[in-house]
Amino acid sequence: MKTARGSPGAGSYRCMCCLRASPAGVYGAAALLSMCPECYELTSIEELASGGRWLGGAPSEALAKIAAVERLGGDASVWSELKTKAERAIAEGSGA
Ligand SMILES: [Zn+2]
């Protein structure tokens, strides 16, 4: 069931993860899930990482996207757990 998302502005929606306002109609699947493109991709990275399966480059990609969320004005703290995992994976030399 869909719930009210508030109105960050005409033609835009608020990311359900980082609460960043994103323009609607630009990001396809991410917009359908009320996510910004960064959080959308972080979600799929997290899904794989939670099974301990970092794809090649995924840890550094995750860190870059978390940094992008922060830079774009989102609440990057929602990704702090994934950030820790990614940093650990890089430190251990797996998948970076
Ligand atoms: Zn987001």
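**Figure 1. Leu19 in the loop between S1 and S2.** Leu19 sits in the loop that links S1 to S2 in this predicted model. Its phi is near 65°, a positive value in a residue other than glycine. Leu19 has 15 other C-beta atoms within 10 Å, so it is partly exposed. A residue would need 20 or more such atoms to be buried, and 12 or fewer to be exposed.

**Figure 2. Cys17 in the loop between S1 and S2.** The loop holding Cys17 runs between strand S1 (12-14) and strand S2 (21-23). Cys17 counts as buried because it has 21 C-beta neighbours inside 10 Å. Leaving out residues up to four places away in sequence, Cys17 touches Met35, Cys39 and Val78. Cys39 lies 22 residues from Cys17 in sequence. In space, the C-alpha atoms of Cys17 and Cys39 are 6.6 Å apart.

**Figure 3. Cys18 and the largest nonpolar core.** This core holds 20 residues. Cys18, Cys39, Leu42 and Ala62 touch the most other members. At least two residues of the core come from each of H2, H3 and H4. H2 gives the most, with five. The contacts of Cys18 itself, not counting residues up to four places away in sequence, are Cys36, Cys39, Val69, Gly74, Asp75, Ala76 and Val78.

Figure 4. With 15 C-beta neighbours inside 10 Å, Ala24 counts as partly exposed. Its contacts, leaving aside neighbours within four places in sequence, are Gly11, Ser12, Tyr13 and Ala31. Ser12 is 12 residues away from Ala24 in sequence. The C-alpha atoms of Ala24 and Ser12 are 4.5 Å apart.

**Figure 5. Ser34 in the loop between H1 and H2.** Ser34 is found in the loop from H1 to H2. Phi is near 55° at Ser34, a positive value in a residue other than glycine. Ser34 has 18 other C-beta atoms within 10 Å and is therefore partly exposed.

**Figure 6. Helix H2 against helix H3.** The axes of H2 (residues 37-50) and H3 (residues 58-71) come within 10 Å. They cross at roughly 150°. The crossing of H2 past H3 is left-handed. On the H2 side, the contact is made by Glu38, Cys39, Glu41, Leu42, Ile45, Leu48 and Ala49. H3 answers with Ala58, Glu61, Ala62, Lys65, Ile66, Ala68 and Val69. Of the residues in this contact, 10 are nonpolar and four are charged, with no polar residue. Cys39, Leu42 and Ala62 from this contact are also among the core residues that touch the most other members.

**Figure 7. Helix H3 against helix H4.** H3 also meets helix H4 (residues 80-91). Their axes come within 8 Å and cross at roughly 140°. This crossing, too, is left-handed. H3 contributes Pro59, Ser60, Ala62, Leu63 and Ile66 to the contact. H4 contributes Leu82, Lys83, Ala86, Ala89 and Ile90. The contact divides into eight nonpolar residues, one polar and one charged. Ala62 and Ile66 of H3 take part here and in the contact with H2.

**Figure 8. The whole chain, with confidence.** The protein chain has four helices and two strands. Along the sequence, the pattern is β-β-α-α-α-α. Of the 96 residues, 29% are buried. Among contacts with a separation of 6 or more, 41% join residues 24 or more positions apart. The chain averages a pLDDT of 83, and 83% of the residues score at least 70. Of the elements, H3 has the highest mean pLDDT, 96. Helix H1 (residues 29-32) has the lowest, 75. Residues 1-5 have a pLDDT below 50. Beyond near neighbours in sequence, this stretch has three contacts in the model.

Terms used:
Residues numbered from 1 in each chain as written. Predicted model: local features only at pLDDT ≥ 70, side-chain atom pairs only at ≥ 80, totals over all residues. Axes fitted to C-alpha atoms, helices over the stretch in contact; angles between N-to-C directions. Left-handed = near helix turned anticlockwise from the far one by under 90°. Contact = placed C-beta atoms within 7 Å. Nonpolar A, V, L, I, M, F, W, Y, C, P; charged D, E, K, R; others polar. pLDDT = per-residue confidence, 0-100. Core = buried A, V, L, I, M, F, W, Y, C linked by C-beta atoms within 7 Å.
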